[in-house]
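Welcome! Please take a moment with the sequence and the 3D structure, and then let us walk through them together.

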Number of protein chains: 2
Amino acid sequence: MATRIFIVDDHYMIIEGIKSLLQNEHEIEWMGHAMSAASCMAFLQLHRPDVIFLDINLPDQSGIDLCKEIKSQFPKIQIIGLSSFNQQSYINKIIENGASGYVLKNATREELVDAIETIMEGKTYLSDEAARIIKKNEGSKIPILTRREKEVLMLISEGMTNNKIATKLFISSTTVDTHRKNLLAKFEAKNTATLIRMASQHDLI
Amino acid sequence: MATRIFIVDDHYMIIEGIKSLLQNEHEIEWMGHAMSAASCMAFLQLHRPDVIFLDINLPDQSGIDLCKEIKSQFPKIQIIGLSSFNQQSYINKIIENGASGYVLKNATREELVDAIETIMEGKTYLSDEAARIIKKNEGSKIPILTRREKEVLMLISEGMTNNKIATKLFISSTTVDTHRKNLLAKFEAKNTATLIRMASQHDLI
DNA sequence: CGCACAATCCCCTAAAAACAGGATTTTTAT
DNA sequence: ATAAAAATCCTGTTTTTAGGGGATTGTGCG
């Protein structure tokens with residue numbers, strides 16, 4: 001039985017590219033595409049693909065969140081994350097949220113077919129490059145931030161002082177100071193400059 | 001006479017996507033693709049396309065530099081920049097280096113055809129979104145930094161205080177402070193956090 | 001030559017952040 | 001339920017940065 005494929009990406013070229021790369025595969029049935037999270041969910045009310053290629057950067061919602069939503073409503077659907085970026089943070093996040101694979105947008109036909117076959121066997125597929133990136137970066141941990149810490153970090157990066165942040169969040173400035181201290185400790189940064197640089201490098205701001 | 005198209009991009013999906021989107025256009029002749037700057041230049045020794053779609057992010061060389069090189073050796077070839085990113089800095093740079101157009105990788109078939117037709121008439125084509133981005137960001141230029149300012153900026157981003165930087169560079173800490181003030185002024189940032197965020201966004205650190 | 005600009009140095013004040021200790025309450029997860 | 005984690009608040013001191021003024025030297029360029 002042919003594997004039914006659906007793709008969610010807001011780039012026409014990627015949709016056409018994948019379609020073109022897979023169109024001569026007999027074991028693969030092309031079900032179509034969606035260009036937003038909303039239209040993807042609408043499609044899934046009526047159809048059940050086996051595998052979804054899911055772009056991480058969608059216009060209306062993060063691909064990461066959409067992945068979680070799809071897996072909770074339709075656990076049998078296998079998801080392959082799709083991105084131009086071989087960033088370990090993305091790869092980790094989408095795998096944590098239920099995806100079974102990750103391929104880059106420079107994948108070859110062979111890689112795509114390999115990815116589909118691998119995850120249909122119930123295994124996890126990571127493109128060579130993605131696996132390499134994860135390996136390289138393991139050990140360089142990204143601190144886990146709380147909701148409030150993320151908020152404070154964002155506002156610091158926007159140039160706000162503790163007092164401004166306190167007013168904005170309706171809390172005391174000493175509380176903001178505590179969150180700031182915790183941020184510095186978690187990032188092992190000794191001042192704001194290092195904090196913002198590291199947060200920026202990890203794509204947290 | 002059909003317009004001869006060539007594409008330079010290291011993403012198979014994009015190549016296949018554009019090929020697929022343009023394959024039924026009678027006025028367009030597909031000449032093939034290259035996946036690196038080097039193989040693009042090799043191709044151009046033997047063939048003369050009318051239009052090249054040129055990705056800005058290539059593995060061996062910046063698309064910006066390649067654009068300059070192509071235009072200097074083959075001025076008649078028209079170039080359309082191609083990128084996933086609607087960043088004003090990229091758009092500006094490739095246009096400055098001789099490209100006649102810029103489209104995003106989420107372009108539709110209509111946009112691609114429109115772009116080709118427009119630049120074959122000798123005009124410049126910018127995708128709606130690219131034009132919007134340029135308009136939005138015009139005025140928010142990237143500051144030009146002096147040698148010393150770049151050094152100081154780097155050291156600030158590494159978490160060093162004015163005193164530490166002064167010791168490292170064998171200058172007075174008041175001098176470092178002056179450089180710091182000038183950096184803040186040039187970036188129109190009111191504190192270090194904003195400075196580092198902006199520098200990071202412009203890839204200066 | 002004169003001008004702009006970069007790089008260097010200085011003073012002063014105020015604001016903000018970093019550091020060092022606390023403490024209490026609320027939420028969340030087992 | 002209860003322990004852990006998160007969020008809240010406090011009082012201090014010291015260091016660093018921000019903002020406002022200057023000034024001098026050398027270099028490159030028209």
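Let us begin with Val103(B), which is buried, because 25 other C-beta atoms lie within 10 Å. (A residue counts as buried if 20 or more other C-beta atoms lie within 10 Å of its own, as exposed if 12 or fewer do, and as partly exposed in between; C-beta atoms are placed from the backbone.) You will find Val103(B) in strand β5 (residues 101–104) of chain B. Helices (H or I, at least four residues) and strands (E, at least two) are DSSP runs, numbered from the N terminus. Leaving out residues up to four places away in sequence, Val103(B) touches Ile80(B), Leu82(B), Glu111(B), Leu112(B), Ala115(B) and Ser127(B); contact here requires C-beta atoms, placed from the backbone, within 7 Å. Between Val103(B) and Asp55(B) there are 9.8 Å in space, C-alpha to C-alpha, and 48 residues in sequence.

A word on what you are looking at: this is a predicted model, in which local features need pLDDT of at least 70 and side-chain atom pairs count only at pLDDT 80 or more, while totals for chains, interfaces and linings use all residues. Residues are numbered from 1 along each chain as its sequence is written, and chains are lettered from A and ligands numbered from 1 in the order in which they are written.

Now for the core. The largest nonpolar core has 84 residues, and Ile80(A) and Ile80(B) touch the most other members. Such a core is a set of buried Ala, Val, Leu, Ile, Met, Phe, Trp, Tyr and Cys residues joined through C-beta atoms within 7 Å. Beyond its neighbours within four places in sequence, Ile80(A) is in contact with residues including Val51(A), Phe53(A), Val103(A) and Ile119(A).

Chain A also holds an open sheet of 6 strands, with parallel pairing and the order β2-β1-β3-β4-β5-β6. Two strands pair if DSSP finds at least two bridges between them. At the edges stand β2 (28–34) and β6 (125–126) of chain A, each with a single partner strand, so one side of each has no neighbour in the sheet. Further in, β1 (residues 3–8) and β3 (residues 51–55) of chain A run parallel and are joined by 4 bridges, with Ile5(A) opposite Val51(A).

How do the two protein chains relate?

Where the chains meet, 30 residues of chain B are in contact with 29 residues of chain A. On the chain B side, α1(B) gives the most, with 9 residues. The copies meet through the same surface, because 97% of the interface residues of chain B are also interface residues in chain A.

Finally, look at the DNA. The largest share of the surface near DNA strand C, 4 residues, is from α9(B).

Notes: Two residues are in contact if their C-beta atoms, placed from the backbone, lie within 7 Å.
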